[in-house]
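Hi everyone, thanks for coming. Please have a look at the model on the screen, and I'll walk you through a few places in it.

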Amino acid sequence: MATCAVSGTIVDPGATGILSVTVSARVNQPVLSGASLVAPAELSVQTDSSGNFTLTLQQSLSVIFTVMYPEIGTEPMRTYQYTGNIPATTTASFSNVIVIEG
């Protein structure tokens, strides 16, 4: 199965990378891809000290991305979800993969 490395950077308003933001991707329901059944599992990574992350996902899938920001002071953990379509390329930018609904 061909994969695509989806990468991005999460920064604060001052353009400084944010450490320990969890970015995950999951398939919402089982999907047949070629001869394989892709299970509704979740993969996740955390951003590094520069706010960078990379998730390697199977090409041509639709996934749900969840971005979870860590607690800061008295603020609770914040979670946001995005729909994403993984392209049939070996690499892709997170900003080009997610669907922004307006």
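Let me start with Q58, which counts as buried at 14% relative accessibility. By buried I mean under 20% relative accessible area, with exposed being over 50% and partly exposed in between, using a 1.4 Å probe and protein chains only. Before going further, a word on where this comes from: this is a predicted model, where local features need pLDDT of at least 70 and side-chain atom pairs count only at pLDDT 80 or more, while totals for chains, interfaces and linings use all residues. Residues are numbered from 1 along each chain as its sequence is written, and side-chain values use heavy atoms, with hydrogens and water left out.

Back to Q58, then. You'll find Q58 in strand β6; helices (H or I, at least four residues) and strands (E, at least two) are DSSP runs, numbered from the N terminus. Which side chain does Q58 join in a polar contact? That is S33, at 2.5 Å. A polar contact here is a pair of N or O atoms within 3.5 Å; within protein, one must be able to donate a hydrogen and the other to accept it, and residues adjacent in sequence count only if both atoms are side-chain atoms. Setting aside neighbours within four places in sequence, Q58 is in contact (heavy atoms within 4.5 Å) with M1, A2, T3, S33, V38 and I86.

A nonpolar core is a set of buried Ala, Val, Leu, Ile, Met, Phe, Trp, Tyr and Cys residues joined through side-chain atoms within 4.5 Å. The largest one has 21 residues, and V6, I10, L57, V63, F65, I86 and F94 touch the most other members. At least two residues of this core come from each of β1 (3-9), β2 (22-26), β6 (52-58), β7 (62-69) and α1 (94-97). Which element gives the most? It is β7, with four residues. As for L57, leaving out neighbours within four places in sequence, its contacts are A2, T3, C4, V6, A25, L43, F65 and I86.

Now the sheet. Five strands form an open sheet in the order β5-β2-β7-β8-β10, with antiparallel pairing; two strands pair if DSSP finds at least two bridges between them. At the edges are β5 (42-46) and β10 (98-99), each pairing on one side only. Further in, β7 and β8 (residues 78-85) run antiparallel and are joined by eight bridges.

Is T22 buried or exposed? It is buried, with a relative accessible area of 14%. The T22 side chain makes a polar contact of 3.3 Å with the side chain of Q46. Not counting residues up to four places away in sequence, T22 touches S44, V45, Q46, T66, V67 and M68. Over in β8, T79 is partly exposed at 43% relative accessibility, and T79 touches T66, V67 and M68, again not counting residues up to four places away.

On to the aromatics. Rings of Phe, Tyr and Trp (its six-membered ring) pair if their centres lie within 6.5 Å; planes under 30 degrees apart count as stacked, over 60 as edge-to-face and the rest as tilted. The whole structure has four such pairs. F53 and F94 have ring centres 5.4 Å apart and planes at 80°, so this pair is edge-to-face. The pair links distant parts of the chain, with F53 in strand β6 and F94 in helix α1, 41 residues apart. F53 is buried at 4%, and F94 is buried too, at 12% relative accessibility. Y69 and Y80 are also edge-to-face, because their centres are 5.9 Å apart and their planes at 75°. Ring pairs link F53, F65, Y82 and F94 into a cluster.

Last stop, the loops. Most residues other than glycine have a negative phi. S20, in the loop between β1 and β2, has a positive phi near 70°. S60, in the loop between β6 and β7, has a positive phi near 65°. S20 is partly exposed at 29%, whereas S60 is exposed at 58%. Thanks, everyone!
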